[in-house]
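Student: Hey, can we go through this structure together? I'd like to start with what the words mean.
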Amino acid sequence: MQLTAIGLNHQTAPLSIREKLAFAAAVLPDAVRGLVNSHAAQEAVILSTCNRTELYCIGDPESIVEWLADYQQLSVEEIRPYLYIYGCSDTIRHAFRVACGLDSMVLGEPQILGQIKDAVRVAQEQGTTSTWLNALFQKTFSVAKDIRSGTAVGENSVSMAAASVKMAEQIFPDISDLNVLFIGAGEMIELVATYFAAKNPKMITVANRTLLRAQELCEKLGVNAAPCLLTELPEILHQYDVVVSSTASQLPIVGKGMVEQALKRRHYMPVFMLDLAVPRDIEKEVAKLNDAFLYTVDDMMAIVQQGKEARRKAAAEAETMVEQKVCEFIEWQKSRQSVPLIRALRDEGERARRYVLENAMKQLAKGTPPEEVLERLSVQLTNKLLHSPTRTLNKASGQDNELVDAVAQIYHLHHHD
């Protein structure tokens with residue numbers, strides 16, 4: 001069993017693959033528990049976002065890949081070309097880079113850190129983390145904080161939410177003249193809706209599976225926003241110039257037929273549609289309709305590259321800090337590996353102390369002079385503590401130079417050939 005990270009992201013896999021391997025929030029607790037119960041891993045954390053699915057584990061990499069393929073009802077051959085598999089040091093480095101936003105589509109974006117914290121919390125609630133992953137992610141959160149405060153990696157970046165507004169403005173010159181529909185009421189929709197609300201659109205509607213959550217988001221936005229249920233979409237879709245969707249649904253919510261009907265009722269006025277969900281909320285065939293401008297998370301790459309040079313310099317500084325932190329964590333790991341040996345050594349010394357002390361107490365009880373008892377105690381204790389290293393050196397017969405040097409170093413001795 002080893003520390004490993006197995007996953008895929010926006011750099012290694014297209015959206016069509018990422019959505020097949022994504023874990024919905026509702027199934028994540030069962031999934032991470034199932035991974036550990038399968039014995040493919042002793043510890044596990046599953047991170048699943050619109051841009052990545054990653055499994056951080058103490059386990060056998062190949063067994064974890066097989067579990068992932070089986071869970072998602074795919075073959076290993078189908079997913080292997082898109083996966084990266086990291087060993088111990090690379091896993092530590094990758095976790096640090098992801099948490100700092102160095103591996104994100106939007107360099108330095110802060111949302112990923114919260115997503116990792118949520119993933120770790122779910123794993124801890126399911127009892128799938130222990131010594132090593134708890135230590136790794138505790139250090140990961142600390143590193144992310146240090147790098148964000150010590151570098152400018154989070155500055156000069158265009159967030160996914162801000163980019164959404166910029167993309168809409170490429171089609172419609174004035175957001176204030178538009179009706180905007182948000183499908184879903186989760187964290188991503190809240191971020192995007194906040195940016196759109198700042199542009200004072202004519203109307204905002206939040207459609208969600210539950211009306212209460214939609215109402216709560218509308219109140220937060222503090223503008224002309226109204227909630228509705230997802231079941232109302234076919235009847236109201238034609239009213240909106242901008243549609244942004246991000247739900248946890250495993251199946252599309254908005255189909256091509258629904259959009260075709262909406263365009264007819266709009267007299268073919270254009271509609272900007274942004275699907276930020278993985279798996280997709282809007283059927284990809286909608287992109288084939290002339291007056292529907294459909295974009296996904298993968299289409300946002302160009303617009304989020306603004307300020308690239310400033311971020312490149314900040315990223316170089318952050319990468320240097322990451323390497324330093326990786327070395328620190330690896331050294332800590334090595335020191336922790338010797339703890340059981342140190343504990344066993346001290347236990348052995350304690351047993352020897354108690355043995356000779358009990359003998360000394362018996363001698364004192366018999367009336368043996370204290371000076372004689374102390375002399376015997378010191379000799380017995382010395383013999384007991386030196387018996388094992390002396391016997392080991394005698395067995396080595398001078399042939400094991402590393403052992404001889406180690407004993408000399410431990411006892412601060414100068415030995416001669």
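Tutor: Buried means under 20% relative accessible area, exposed means over 50%, and partly exposed is in between (1.4 Å probe, protein chains only). This is a predicted model, where local features need pLDDT of at least 70, side-chain atom pairs count only at pLDDT 80 or more, and totals for chains, interfaces and linings use all residues. Residues are numbered from 1 along each chain as its sequence is written, and side-chain values use heavy atoms, with hydrogens and water left out.

Student: Okay, is Ala 214 buried or exposed?
Tutor: Ala 214 counts as buried, because its relative accessibility is 0%.

Student: And where is the place of Ala 214?
Tutor: Ala 214 sits in helix α10, residues 211-221. Helices here are DSSP runs of H or I with at least four residues, numbered from the N terminus.

Student: What does Ala 214 touch?
Tutor: Leaving out residues up to four places away in sequence, Ala 214 touches Ala 185, Val 206, Asn 208, Pro 227 and Cys 228. Contact means heavy atoms within 4.5 Å.

Student: What about Cys 88?
Tutor: The sulfur of Cys 88 is 12 Å from the closest cysteine sulfur, in Cys 327, so that is too far for a bond. Cys 88 is partly exposed, with a relative accessible area of 32%.

Student: New topic: at what angle do α6 and α7 pack?
Tutor: About 165°, with the axes of α6 (residues 111-125) and α7 (residues 131-150) 11 Å apart. Axes are lines fitted to C-alpha atoms, for helices over the stretch in contact, and angles run from 0 to 180 degrees between N-to-C directions. The two helices are therefore roughly antiparallel to each other, a label for angles over 145 degrees.

Student: Which residues of α6 and α7 meet?
Tutor: Ile 112, Leu 113, Ile 116, Lys 117, Val 120 and Gln 124 in α6 meet Asn 134, Phe 137, Phe 141, Ala 144 and Arg 148 in α7.

Student: Back to α10: how do the axes of α9 and α10 cross?
Tutor: The axes of α9 (residues 187-197) and α10 cross at roughly 35° and come within 10 Å.

Key: Angles under 35 degrees count as roughly parallel, over 145 as roughly antiparallel, 65 to 115 as roughly perpendicular and the rest as oblique. A disulfide is a pair of cysteine sulfur atoms within 2.5 Å.
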